[in-house]
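Q: I am new to this structure and would like to learn how to read it. Could we go through it step by step?

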Amino acid sequence: MWDAMASAPAGWPHGGEDASVHALQALAAEMTGKQAALFVPTGTMANLLALMTHATRGDQVIAEASSHVFWSEEWGYAYVCGLAPRPVEGTRGRMSPEQIRDAITEEHLGHRPHTGLICLENTHNMAGGTIVTPEHTRAVADVASAYGIPVHIDGARILNAAAGLEMAVSALVGASDSVAISLTKGLSAPYGSLLCGSADFIERCTVNLKRLGGSSVHKAGIYAAAGLVALRTMGPQLADDNRRASVLGRSVQELGFGAIQPWPVETNIVVLSIDGGWLPARTFARRLADAGVKVSVRTDDSVRLVTHRHITDQDVDRVIGIIGSVASTH
Ligand SMILES: Cc1ncc(COP(=O)(O)O)c(C=O)c1O
């Protein structure tokens, strides 16, 4: 990636002069089977643009209750876009089509908010890297289209889902109107996300990107060159990341002091719930950090472990050993 960045043709992306940005957007559009794509600085900005462009101020947005777009983007949907959240508690991060229909049609005292967008997350981060299958997305899109509502996928880790199901990204996102892909997670690029959708949608997003201050990244081709390497070469790595997370999850489950939830592990995220809270998650995470293993605290009694290209098979064995010894001290 560094080599590609060092030799990248780079220009002014806003005028379409930057060959690397152009190539990256074309590749992302092709991979997702959408007409066009837009290179933006972050996944959060890609989601914000999708919300801003699909929905109209005053609309409600339906998304899963623990979705990134509702919890981890500082309420940008409300602060910037004037939208209201309609959270739906999913199972393994998946809202059922029936729940979505109910949320669309729900009425209180003769009032029914207008739904401007349905947002899915694939894979679902807080649910533990769970996959939304293409059949499920299609069923949701069928409900959405019956009410004329677009569907956006926060696909920050959609390539992990594609690797998990051994299918093309385009097959996973075919029923959606737009999808946001992060280049910076397992794909390991230093910068950027891609928002993909119809040509008309992306054209409107381009205007909104300027309004958000994100369209004039000078020499963006330097970043786009890394993104091209990521999209072209990192797919097999994500399959390895998924496999290693599965080994990690199975082995930690067998240690018998906590549960991997949800079980089984579907992609590269492993959520470990500590049985009966015998050790607060923060203390557990600190003890692991002292032994050289970095995990994130997810709730008071659960931690999140993620595999990526820096985590080898040997690292997985080492982590299992360290978790085992921390657990045995209780
Ligand atoms: C599911 C999901 N969507 C969006 C994002 C936001 O991506 P970024 O950090 O590039 O803004 C993240 C980041 O962790 C994420 O997990």
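**Reading the ligand site and the cores**

A: Let us begin with a single contact, keeping in mind that this is a predicted model: a backbone N or O atom of Gly43 lies 2.8 Å from an oxygen atom of the ligand.

Q: Which side chains have an N or O atom 2.7 Å from an atom of the ligand?

A: A polar contact is a pair of N or O atoms within 3.5 Å. In this model, an N or O atom in the side chain of Thr44 is 2.7 Å from an oxygen atom of the ligand, and the side chain of Asp154 places an N or O atom 2.7 Å from a nitrogen atom of the ligand. Taken alone, the ligand exposes 390 Å², of which the protein buries 82%.

Q: How do the residues of the shell around the ligand divide into nonpolar, polar and charged?

A: One is nonpolar, six are polar and five are charged. The residues around the ligand include His68, Glu73, Arg157 and Lys185, while helix α3 (residues 43–54) supplies the largest share of the shell, three residues.

Q: Which residues touch the most other members of the largest nonpolar core?

A: A nonpolar core joins buried residues through side-chain atoms within 4.5 Å. Here the largest such core has 48 residues, and Ile118, Leu194 and Leu231 touch the most other members. Leaving aside neighbours within four places in sequence, Leu194 is in contact with residues including Leu24, Phe39, Val179 and Leu231. There is also a second, separate core of 25 residues, with Leu279, Val303, Val316 and Ile323 among them.

Note on methods. Residues numbered from 1 in each chain as written. Predicted model: local features only at pLDDT ≥ 70, side-chain atom pairs only at ≥ 80, totals over all residues. Heavy atoms only, no water. Buried < 20%, exposed > 50% of the residue type's maximum accessible area, 1.4 Å probe, protein only. Contact = heavy atoms within 4.5 Å. Near = heavy atom within 4 Å. Polar contact = N/O pair within 3.5 Å; in protein donor to acceptor, adjacent residues only side chain to side chain. Areas by Shrake-Rupley, 256 points an atom, 1.4 Å probe, with all protein chains shown as cover. Helix = DSSP H or I, 4+ residues; strand = E, 2+ residues; numbered from the N terminus. Nonpolar A, V, L, I, M, F, W, Y, C, P; charged D, E, K, R; others polar.
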